[in-house]
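Here is a short report on one protein model. Look over the sequence and the structure first, then read on.

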Amino acid sequence: EALQEAVIDRSVDELRAITAVVADLPPGPDRDRAALNGVAHLAIRRPGSVRLLLSGLLGEKDDDMGQTLMEVGAGVFEAFAVDPHADPARALRVIGALGALAIARIALLEKEFEGETELVAIAFDALGHPTH
C-alpha cells in the first residue's frame, strides 16, 4: 500500500506541475497542446503513468484509493480547463485523447522511439483540433 501511495503521490505532483505550466493559458488549442506535451513527456519517462491518469478519470470514489484517484482525475480536467459536468462531450474528448496517447505509447514501447511529437499529434487530433 505504501508503494502504491508513493506512486500516486508522485503522479499527482507531476500532474500539478503540468497544470502549473498551463494555468496562465486560456482554454483552447494552445493550452491543450501544452498540457499534452506535459503528459506525453510524462508517458515517455514513466510508462504507465497515463494509465494512472485515466484511472482517475474513470474511477469510483467508494474508498480512500478511489477518492485519491478522483482527485487525480480532477487535476487532469483542470489542466485541460474542462468542467466534466458542464461539458461532458469535451470531457470525453480529453479522456479519448489521453487514451489515444497511452495506447500509442504502449505500442511504441518496443520500438526505437525518442520524440513526443507523434504522441502529442495523435492526442491533439483526438481533441478535435486541426493539426496544420
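## Helices α5 and α6

Helix α5 covers residues 88-107 and helix α6 covers residues 117-126. They pack at an angle of about 150 degrees, so α5 and α6 are roughly antiparallel to each other. Their axes lie 8 Å apart. Axes here are lines fitted to C-alpha atoms, for helices over the stretch in contact, and angles run from 0 to 180 degrees between N-to-C directions. Angles under 35 degrees count as roughly parallel, over 145 as roughly antiparallel, 65 to 115 as roughly perpendicular and the rest as oblique. α5 passes α6 in a right-handed crossing. A crossing is right-handed if the near helix is turned clockwise from the far one by less than a right angle, and left-handed if anticlockwise.

Which residues of α5 and α6 meet? From α5 come Arg93, Gly96, Ala97, Ala100, Leu101, Ala104 and Arg105. From α6 come Leu119, Ile122, Ala123 and Ala126. The residues of this contact between α5 and α6 are eight nonpolar, one polar and two charged. Contact means heavy atoms within 4.5 Å. Ala, Val, Leu, Ile, Met, Phe, Trp, Tyr, Cys and Pro count as nonpolar; Asp, Glu, Lys and Arg count as charged; the others, Gly among them, count as polar.

## About the model

This is a predicted model: local features need pLDDT of at least 70, side-chain atom pairs count only at pLDDT 80 or more, and totals for chains, interfaces and linings use all residues. Residues are numbered from 1 along each chain as its sequence is written, and side-chain values use heavy atoms, with hydrogens and water left out.

## The chain as a whole

The protein chain has six helices and zero strands. Along the sequence, its pattern reads α-α-α-α-α-α. Helices (H or I, at least four residues) and strands (E, at least two) are DSSP runs, numbered from the N terminus.

The protein chain has 132 residues, and 40% of them count as buried. Buried means under 20% relative accessible area, exposed over 50%, and partly exposed in between (1.4 Å probe, protein chains only). The accessible surface of the chain comes to about 7800 Å². Carbon and sulfur atoms hold 55% of that surface. Areas come from the Shrake-Rupley method with a 1.4 Å probe; for residues, only the protein chains shown count as cover. Take the contacts in the chain with a separation of 6 or more: residues 24 or more positions apart account for 59% of them.

## Helix α2 and its partners

Helix α2 spans residues 29-45. The axes of α2 and α6 come within 9 Å and cross at roughly 135 degrees. α2 and α6 are therefore oblique to each other. α2 passes α6 in a right-handed crossing. On the α2 side, Pro29, Asp32, Arg33, Leu36, Asn37, Ala40 and Ile44 take part. They meet Leu119, Val120, Ala123 and Phe124 in α6. By class, this contact of α2 with α6 has eight nonpolar, one polar and two charged residues.

α2 also packs with α5, at an angle of about 35 degrees. Their axes are 11 Å apart. The crossing of α2 and α5 is right-handed. Asp32, Leu36, Val39, Ala40, Ala43 and Ile44 in α2 meet Arg90, Leu98, Leu101 and Arg105 in α5. This contact of α2 with α5 has seven nonpolar, no polar and three charged residues.

## Two residues of helix α1

Is Glu14 buried or exposed? Glu14 sits in helix α1, residues 2-22. Its relative accessibility is 14%, so Glu14 counts as buried. Leaving aside neighbours within four places in sequence, Glu14 is in contact with Leu42, Arg45 and Arg46.

Thr19 is also in helix α1. With 8% relative accessibility, Thr19 counts as buried. Beyond its neighbours within four places in sequence, Thr19 is in contact with Gly75, Glu78 and Ala79.

## Two loop residues

Ala23 lies in the loop between α1 and α2. At 43% relative accessibility, Ala23 counts as partly exposed. Ala23 and Glu78 are 55 residues apart along the chain, yet their C-alpha atoms are separated by 8.6 Å.

Ala81 lies in the loop between α4 (64-79) and α5. Its relative accessibility of 30% makes Ala81 partly exposed. Phi of Ala81 is near 55 degrees, a positive value in a residue other than glycine.
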